[in-house]
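Me: I am new to this structure and would like to learn how to read a few of its features. Please show me the sequence and the model before we start.

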Amino acid sequence: MSKHADLEEIEVTEESTFAGFFRRYRTHLAAVATLIVFCMVGFAIEQLTTEVRYDDVVQALADTTVSSILLALFFTALSFLALVFYDVNAIEYVGKRLPFPQVALTAFSAYAVGNTAGFGALSGGAIRYRAYSRLGLTPEEIGRVIAFVTVAFGLGLAGVGSIALLAIADEIAPLIGVSSILLRLIGGAIVLVLAAGVVLGRGGRALEIGRFSIRLPDSATWSRQFLVAAFDIAASATVLYVLLPQTAIGWPVFLAVYAIAVGLGVLSHVPAGLGVFETVIIAALGSAVNIDAVLGSLVLYRLIYHVVPLLIAVLAVSATELRRFADHPVASGIRRIGIRLMPQLLSALALLLGVMLIFSSVTPTPDENLALLSDYLPLPIVEGAHFLSSVLGLALVVAARGLGQRLDGAWWVTILSAAAALTLSLLKAIALVEACFLAFLIFGLFVSRRLFRRRASLFHQTLTASWLTAIAVVCVGAIVILLFVYRDVDYSNQLWWQFEFTGEAPRSLRATLGITIISSFIAVFSLLRPATTKPEPASDEALENAVAIVEKQRYADANLVRMGDKSVMFSEKGDAFIMYGRQGRSWIALFDPIGERSAIPELVWRFVETARAAGCRAVFYQISPALLSHCADAGLRAFKLGELAVSDLTAFEMKGGKWANLRQTASRAQRDGLSFEVIKPEDVPDVMDELAAVSNAWLADHNAKEKGFSLGAFTPEYILAQPVGILKLEGKIVAFANILITGAKDEGTIDLMRFSPDAPKGSMDFLFVQIMEYLRAEGFSHFNLGMAPLSGMSKRETAPVWDRIGSTVFEHGERFYNFKGLRAFKSKFHPQWHPRYLAVSGGGNPVIALMDATLLIGGGLKGVVRK
């Protein structure tokens, strides 16, 4: 028997159907679909702007009045103020209260990044996870906050758009070529569905959908959030509306068009809805407003509503890094949150500026700037600066991912690329605005230098499908812009070899070709690079070093490293380690990292990156809540696994009514003739044969085989390493348990607990009690009773699906595993229960990770199907 969970048979059926294929490759298929949609959008824009010329767009930008820009900034501020209250309402919905300044900074930063990078639920959600976990929210609560703000925005957008359709369908119908009756029917249907949700949610009632139960917000929450969403959408729509030239289209009509454009942009999954949003706006307004003016307004809208908030967020967090402002309690709290947000903000800014450099490489330089350059610089310098600037833009796009992961290599690549690009922006076009943006990025990087300490090579990271898609979208976007800007230039092969100051088209062609070739190489290298790292069991020297670390810390479970069946990854200073194994495509780390706490963040990160470089997912098994924030920083998602029982030995006394049953059990065992003794490690060889006989009898009686990984196995080396508690009956050993302890004398536990078939009833309880009394007498303060799997899973209707499934299995899965019995046995010792989690990288499926852990514990599929 073991104190840990032995998960039983799991049947895996590989699906050969289309549905199975889709589930297996859904990420890659979604990436391909996104790229196809963007290509179609690019073609649509090309067709819609046939009569538009680049110079007309530039002139339209120049004609925008200062008052319009100031109004756009004002309405942007109003929109982001409303966005902050999405998070305020969400936190109230989950029953928590957090300081408003920290919530405001988190929400503002999350939307600034989400609007720029796209995939708001993921990019903005990552920022919320990092910040709110620091403020004390659990992973489940943060997940509910992210779900609330995501759903609230979608429902608010649908509500505002549908109401506008009902009110002004006659004005909108001619713009999009659809019958006004059909528009009213669509709008009415959406309003009815939303109204039904409000009615069903009265009093916060639960809505049953098949096997799932969802607690709907109450009517007050619905109403308050709808007002916030309506205000946000109205303000953001007005940002673009005030930038448009005078038009016969009224604001209510434009609001409906804007809501549709934003909704389609979100549904397209194209980063930031780039191109999709613009296509809808151009198609709807092209007949009423000059398209060149619309394009100019859209460029300004992206700059004001997307870029400016990101710059403000970076500036706000940078200010908190200046320590003289951190004395005030509020400023100090904001600074602690800012540390969590800064890498993501700088990542989004680097991505944005990289795209800016690429797009600027395919647009012409103003004639007056070229004339000035020709007076002072030779042509080769201008040509080289133009080409290298586009390459540096691509370097910023690639390095942006590393910045979000706090890699020191990404920091160096970004700082050097930005500095070089700043210089080249002046040499290629005297681009002062571009240079200022790059200088701002450099400032933010220098202020936050201490945050980027993770030693990882950019060449070892595998770009995910979403990042490869983003790079592909940028390249396709550059080609679309190139075709638009130079649509009047007849293509010829000679263009590639024209080098002259006025040769803008040749320069843009060469830059586009360069970034396309380099990005293709990056994609191929990332996708086809073989997995070169294969974990090997720890060497004798590594095992010796790991055991030395174990002896200095408090967690007794860390002694499982002595089994020698796991690989070991040490921190850079060798003062901490992770023990792990590989099963299938999962690298599974057991427990929290062991050793110095200061080494844990880097060790977690290095483990995740090494697993990813090997083409595998990183999994942390049975980890404590203390590790969750570090896992979130590394991009892992946590799922509750069960609860760990820990008894306080300082309060352990076999007195009082609550210990009556255990006292009776112990008294009966003593009357049966059982005696307890602890064998020190040096004396264990004398009884090794008897221990082996008891172990073999227990295995035969239970028709079981030895396990591994999170469970010990009966091997002489492992048993000889620690004390052993034994029970004797008439001088013969009938039960034993190896006692795991460390030199810190804080926590003790047991791993193997085995009985011969003739051991008296109640021997298990008696052995536990005797070992606990022994450890208390030796000065230990805690006894680890092990984890009860699926215990403590939330049963609330608002709980995550994983928790609800786990709770159901715990309640009704007794035929497969004694879940309730294990919890009840540990409860007899009146422990404190501490949650334990499974963390999986890359959005991986927790079920697959758990199956891999089960196979690793059971010694493969054959071991799992045997008891």
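Reply: We will go through a group of strands and then a pair of helices. This is a predicted model, in which local features need pLDDT of at least 70, side-chain atom pairs count only at pLDDT 80 or more, and totals for chains, interfaces and linings use all residues. Residues are numbered from 1 along each chain as its sequence is written, and side-chain values use heavy atoms, with hydrogens and water left out.

Me: Which strands pair with β4?

Reply: Strands (E, at least two residues) and helices (H or I, at least four) are DSSP runs, numbered from the N terminus. Two strands pair if DSSP finds at least two bridges between them. Strand β3 (residues 567-570) pairs with β4 in the antiparallel sense over four bridges, and M569 stands opposite I578 in β4. Strand β5 (residues 586-590) also runs antiparallel to β4, joined by four bridges; here G581 stands opposite I588. With strand β6 (residues 594-595), β4 has two antiparallel bridges, and A576 has G595 as its bridge partner.

Me: How many residues lie between the strands of each hairpin?

Reply: Five residues separate β3 from β4, and G574 in that turn has a positive phi of about 75°. Between β4 and β5 there are two residues, and G584 in the turn has a positive phi of about 60°.

Me: How many residues of β4 are buried?

Reply: Buried means under 20% relative accessible area, exposed over 50%, and partly exposed in between (1.4 Å probe, protein chains only). In β4 (residues 576-583), six of the eight residues are buried, so the strand is largely enclosed by the rest of the structure.

Me: How do the axes of α23 and α26 cross?

Reply: Axes are lines fitted to C-alpha atoms, for helices over the stretch in contact, and angles run from 0 to 180 degrees between N-to-C directions. Angles under 35 degrees count as roughly parallel, over 145 as roughly antiparallel, 65 to 115 as roughly perpendicular and the rest as oblique. The axes of α23 (residues 660-671) and α26 (residues 763-777) come within 9 Å and cross at roughly 105°. The two helices are therefore roughly perpendicular to each other.

Me: Which residues make the contact?

Reply: Contact means heavy atoms within 4.5 Å. From α23 come L662, T665, A666, A669 and Q670, and from α26 come D765, F766 and V769. Among the buried residues of α26 are D765, F766 and V769.

Me: What follows α26?

Reply: G779 follows α26, with a positive phi near 95°.
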